[in-house]
Amino acid sequence: MGLFSVIKQGLAKTRAALLGEIKGILGTGKVTDELLEQLEEHLIRADVGVEASFALTDALRENALGKSLSQDQILQILRNEANRLLVDPPPFVLQGKPHVILVIGVNGAGKTTTIGKLAHRFKAEGKKVMVAAGDTFRAAAIEQLEAWAQRSGAEFVRHQEGSDPAAVAYDACEAGKARGCDVILIDTAGRLHNKEHLMEELRKVVRVMRKHDESYPHDILLVIDGNTGQNTINQTKVFHQSFPLSGLVVTKLDGTARGGSVLSIASQLKIPIRWVGMGEKIDQLVPFSKTEYIDGLFENAMEQE
Amino acid sequence: MFTQLTDSLESTLKNLRGQGKLSEDNVAEALREVRRSFLEADVNFAVTRDFVKSVKEKVLGQDVLLSVTPGQQIVKIIHDELVEIMGGTAKEPRLDGRAPVGIMMCGLQGSGKTTFAGKLALFLRSKRKKNPLLVAADVYRPAAIKQLQVLGKSIQVPVYDEGQGNPVDIIKHGYEYAKAHGHDVVIYDTAGRLQVDEELMRELELARDAVHPDEILFVADAMIGQEAVNVAETFYKRLNFTGVCLSKMDGDTRGGAALSIRKITGKPVVFIGTGEKLHEIDVFHPERMASRILGMGDVVSLVEKAQLAIDEKDAKNLTKRIMNNQFDLEDFLSQLRTIKKMGAIKDLLGLIPGLNKIPLGDINEKDMVHVEAALSSMTPRERKNPRLIDGSRRKRIAAGSGTSVQKVNQVLQQYEQMKDMMKKMSGMMHKGMPQAGVNPGQGEKFHPKKDKKKKR
């Protein structure tokens, strides 16, 4: 199932598509300050964020203020601007054997579930996958990941609760290499980005992995809760300062959340979104595509009427 | 009030002084600033619109006060309005119904229900002398039951579970178990669910109707964005929840959702989660939240923490010693320990207005440990008379504290600098420049002429 149809489905559920509403406002045809302000509000309502919303409406203001445009023309301007703001992720290729992926994020963002789903995806592609229980802090996080490992048929590496996550990561690298794995996914404990000691712990995990092999980890993925508001930007910025993030995973987009935060991050930080999480089932993770995302948001609205 | 909002309002309103009343024209720009600030704090757009409207009504026609700047004046109006909407004073759920009193947790996935259930159990057991039971009714998320069991064990609160059974039955049986075993409170942990998941929402309704909990607490992530309203509204319609818990308040979010949820549902926020450890739970203070949404820092919490840690007599003593230039390494050490008692430095800085924007990576807690170690390795005589500490003593202190001679030198240097600063300060105090009770900025500053007259 493509991202387009999933988003379409999600939006159809509530019949509250962002642009469906915008279409309502556009009824008058003339681009006025009042209309721009209403547009802004609707974009903000989708958590597009203050900065990115203003960027989108500014594009309209510059090109069309005072003019009478058709709805299609106005939507086209918005679409072009969104297209300019977003980054299409470069194709995902395994860069080594094993290809090591470290998964990080704040508490409750959906890291462990995402790893379960990713393991399933790679398995389905015929890869040998290992997952490592690097969240040694939260009660029963290890067991939670173990359940996902069993579901997806991935190899599983763990230590005791409370042990050093860097040691888990190191062991995973070693074991994964020895067992000939193609992909190693390493879980970490959730941490708020403003806790310096926890960020330092994470930096240590990366340092220790690099000791094993300079190229590790090939990917550092930040998992973001699609319901999170403006804090998304802070989170991404601070994590990105500590480790160059190679991609984002936006989760929980199966509700009414529209994940507009994606636009904010993309416009400010230029980090590609890799995957989108859509539910609790193991196959509900789809690759992100910029075109499909924009189509899903904009065209769906047009089709709904 | 050193806030970003105040600053931007100041620059917008700087020409207002002496204009008499605030008019529609001269506050329009200011209100746009307010709107933007609210949206950036994740306050729902509709709530923001209503709020700005009501503030506008209150602001218009007010005299521009002479004692404060117009920006401060507007921020004060906004602050008071915020406090009022969020419920005035702190409220805690009343748990004096017929035992066992039921508390049901509900919310989205990853909002922090299980952790909150554990925190609440510990809070009730240790602070309210209750005998709670936890019921593990999240049968969907892998290892959620195990998580609650581990938490329960760590705080000596029993956990009732039936493995992966039917959640409604588990909750019903949990209630009966609590009744039979003399628990006066029973806390039901439920699975996270999306508000649009009809099947799971129905399940929660059935569970509620089976045990009629006294409190239903909706747990929301403090970082939640505009979605907060959709989610809270549906949960409220379906379950009539009685209160709200905000998790992850130790982050750097401004937490506008607190305002949105309150405004949409009318239900108070009762508890906030302030850390990953189970004792890190606090009752909700609208006053502090208002400051936070406005980006003003949480001075009240800071003062409270300081009051808990600082002994008044010690403080007076220390002031006297500083004034008399007697500040020695003993005082340095006891100061250090007081600060440590108040909690992590980073958390404290977060509470101070203006300082909460500082990138906290710069502050190294380990450094404090080293300083304390070095100080502890000195003899009381050396601490009272730092001049005694020569080269060979420095070597001994370095070895004893597991630090280096450089570190010890650094500590002594720091001490000298502090002492120097204090000397200057006490010099100023002796001259009696700032007088106690006069808050510069509250008027005096703006009327220098009047001031001079007053001083005869």
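Reply: Let's begin with Pro98(A), which sits in the loop between helix 5 (71–85) and strand 1 (99–105) of chain A. Pro100(B) belongs to the loop between helix 4 (70–85) and strand 1 (101–107) of chain B. For background, most peptide bonds are trans, and most residues other than glycine have a negative phi.

A word on what you're looking at: this is a predicted model, where local features need pLDDT of at least 70 and side-chain atom pairs need 80 or more, while totals for chains, interfaces and linings use all residues. Residues count from 1 along each chain as written, chains are lettered from A and ligands numbered from 1 in written order, and side-chain values use heavy atoms, with hydrogens and water left out.

Now for the place where the chains meet. Here 37 residues of chain B are in contact with 46 residues of chain A (heavy atoms within 4.5 Å). Together the two chains bury about 3,700 Å², with 55% of that on carbon and sulfur atoms (accessible area lost on joining, 1.4 Å probe, summed over both parts). On the chain B side, Phe45(B), Met223(B) and Glu276(B) lose the most area to chain A, together 16% of what that side buries.

Charged pairs turn up here too: the interface holds 5 salt bridges (a Lys or Arg side-chain nitrogen within 4 Å of an Asp or Glu carboxyl oxygen). In one of them, Glu41(A) meets Arg35(B) at 3.8 Å, N to O.

Another salt bridge pairs Glu143(A) with Lys146(B) at 2.6 Å, N to O. Glu143(A) is in helix 7 (residues 141–152) of chain A and Lys146(B) is in helix 6 of chain B, so this pair joins two chains. Over all chains, the whole structure has 33 salt bridges.

Zoom in on helix 2 of chain B: helix 4 (residues 50–64) of chain A packs against it at about 120 degrees, the axes 10 Å apart. (Axes are fitted to C-alpha atoms over the stretch in contact, with N-to-C angles from 0 to 180 degrees.) Val50(A), Glu51(A) and Phe54(A) touch Arg36(B), Leu39(B) and Glu40(B) there. Between helix 2 and helix 3 of chain B, the loop contains Asp42(B), a non-glycine residue whose phi is positive, near 70 degrees.

Key. Helices (H or I, at least four residues) and strands (E, at least two) are DSSP runs, numbered from the N terminus.
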